[in-house]
Amino acid sequence: MAKSIVANSALNAAAGLSLLLIGFACSIITARLLGPEANGIIAFSLWLAVTASLVAELGTGVMLLRLLPQLKSQGYSPVDRRGFAAYLLRPVVGSTLLLAALYAAVFTLAEYEHWATSTPIVVVITGALFVIQSIGSSAKNYLLGEQQVGTFFRLSAASGLLQFFGVAVGAVFFGIPGALIGYTLGFTVQFTYAAGILRTRARNCGISPRYLLGSSMLLSVQFIVDSIFLNRVEFFFLERYSGVAVVGFYAAAMSLANLALQLPVQLTGSLVPYYSEKLQDHGGTTLPAAVFEAVIRSLSYITLPLSFGLAVIAPRLISTIFGEAFAPAGPALTILALVTPANVLGLICTQYLFSLDRVRERLMIGIVGAVTMVVGAFLVVPSYGAEGAAAVRFVVFTLMSALMMRRLTFERSLARLYWNLLRIALAAAACAGAASLVLAFIPGFVGLVLAISAGALCYIVALRLFRAVALEDYAVIESIARRLPGVAGIAAARVVELVFANRGPRNGER
């Protein structure tokens, strides 16, 4: 991967991970202070707000990520491109207000027939959270499309700190409503930035409104399918069939599973602009196989050990972090951890299809996944609860990833990539095996810490034994290690030398 994409992805990952870790800390605070049922109410509210904001976006986020780099290469000024962002933001504001009015009407008619009967004010706060989050998300898409990842990092840090203190203070003094107000405060920073974009004079930068409308319609349908049916729709079935407390268990499991998922997800945040640039360099029809392979390999080094390792330590980890009251969530977390590789592969393929403007194909695959998710949840969740919901998610994302891989074409076979992935998977399995062995003999928190340490060490050794790290990645990995400060840089350099042994380019093999 080119240095620009590595640098942008690293900053984007740092921004996303800061928000992830703060969100994770907030979930621990609410779970420990308020209990499983309250955790379920908050999780359900957050899911509603996120889902509605994805629908209200109308696909403009992907359009900004794909079109802003193209406008820059065509010579449009930063002012023009900001005006283009304002042009796309206006319909988002309209759809947000429309959905907010529909939400208010539905819950006015429903009265107390909703998920938060013990605290009806939560319904109102959830609506406010949706509006602020929906409009504020445009700031992220604009900054990433412009590759202003430094600014995005600073916004994310400010948002995270505001959210953390807001949730902590709100949960302590005002319970569930206070915690949700804290989450809402966290999005006000991006909302304020987006409001600044909205004040810019709108420009279409020569792009046909008909083209934008057509792309928006396809992307909107795709986001409706993904956000409603693939973004934690299990919460709805769990709340209906098992109660809001089980939603709390499942939400705790998903928050921990996201630790394995979000690092690679955040690293893919700059992929659409990166793919767009590479496509421009190669005629705009297809990517070289080497580019796609480099992205897959780079994320696999992180994703597979996190996934396999988390699956092994899941039961003890969730009880240690959230308390023994959340022990029933352990089996669901084990399954959700194994969903991560398929989820990440699907995301990479999705970004590639978006960069080629093949939204229709991704939409059809999303519909297949949505139907499978709903039917599977309807059949499995009533009998098997959280574990059944997690199993359905595993099947859906594996199926979607397989279907997308069949739609991608390159100038040569990807057989070498599959061989690389097999060796990385073997190293990750060794990591999980070492962690499992430690847990079997050492109880409690000490055993958990030692299991994680043993797994990490075993993974490094296994990468060397299986020769799992491709020589093509040596330069990038070594460059990243050298840039780390102080002791971290020295330790990382030693690890790189250990992994590559005598295979490095300085030993004459490249």
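**A helical protein and its buried contacts**

With a relative accessibility of 6%, S53 counts as buried. This residue sits in helix α1, and, leaving aside neighbours within four places in sequence, S53 is in contact with F130, Q133 and S134. The model that holds these contacts is predicted.

Stepping back to the whole chain, the protein has 17 helices and 0 strands. Of its 510 residues, 54% are buried. Among contacts between residues at least 6 apart in sequence, 83% join residues at least 24 apart. The protein exposes about 21,300 Å², and carbon and sulfur atoms supply 69% of that area.

The interior comes next. In soluble globular proteins, nonpolar side chains tend to be buried together. Here, the largest nonpolar core has 70 residues, of which F235, Y250, F292 and F322 touch the most other members. Two or more residues are given to this core by each of α1 (3–56), α8 (234–241), α9 (244–267), α11 (289–322), α12 (330–355), α13 (359–407), α14 and α15. At least three of the core's residues come from domain 1 (1–231), and at least three from domain 2 (239–418). For F322, setting aside neighbours within four places in sequence, the contacts are F24, S27, I28, A31, R32, A252, S255 and L256. Another core, of 26 residues, lies apart from the largest one and includes A85, A139, A194 and I207.

A search of the whole structure finds 6 salt bridges. In one of them, E146 pairs with R81, and the closest N and O atoms are 2.6 Å apart. Because E146 lies in the loop between α4 (121–145) and α5 (149–186) while R81 lies in helix α3 (residues 78–110), the pair ties together parts that are 65 residues apart in sequence. Both E146 and R81 are buried.

Another salt bridge joins the side chains of R393 and E234, at 2.6 Å from N to O. Here R393 belongs to helix α13 and E234 to helix α8, so this pair ties together parts that are 159 residues apart in sequence. R393 is buried because its relative accessible area is 6%, under the 20% cut-off. E234 is buried too, with a relative accessible area of 0%.

A further salt bridge is formed by R407 and E361, whose closest N and O atoms are 3.1 Å apart. In this pair, R407 counts as partly exposed at 42% relative accessibility, and E361 is likewise partly exposed, with a relative accessible area of 23%.

Helices α14 (415–441) and α15 (444–465) each supply at least two residues of the patch.

Two backbone angles complete the picture. C205, a residue other than glycine, has a positive phi near 55°. C205 is found in the loop between α6 (188–198) and α7 (209–230), and counts as buried at 8% relative accessibility. R467, also not a glycine, has a positive phi near 50°. The place of R467 is the loop between α15 and α16 (474–483). While C205 is buried, R467 counts as partly exposed at 42% relative accessibility.

Terms used. Residues numbered from 1 in each chain as written. Predicted model: local features only at pLDDT ≥ 70, side-chain atom pairs only at ≥ 80, totals over all residues. Heavy atoms only, no water. Helix = DSSP H or I, 4+ residues; strand = E, 2+ residues; numbered from the N terminus. Buried < 20%, exposed > 50% of the residue type's maximum accessible area, 1.4 Å probe, protein only. Core = buried A, V, L, I, M, F, W, Y, C linked by side-chain atoms within 4.5 Å. Domains from an automatic or database assignment. Contact = heavy atoms within 4.5 Å. Areas by Shrake-Rupley, 256 points an atom, 1.4 Å probe, with all protein chains shown as cover. Salt bridge = Lys/Arg side-chain N within 4 Å of Asp/Glu carboxyl O.
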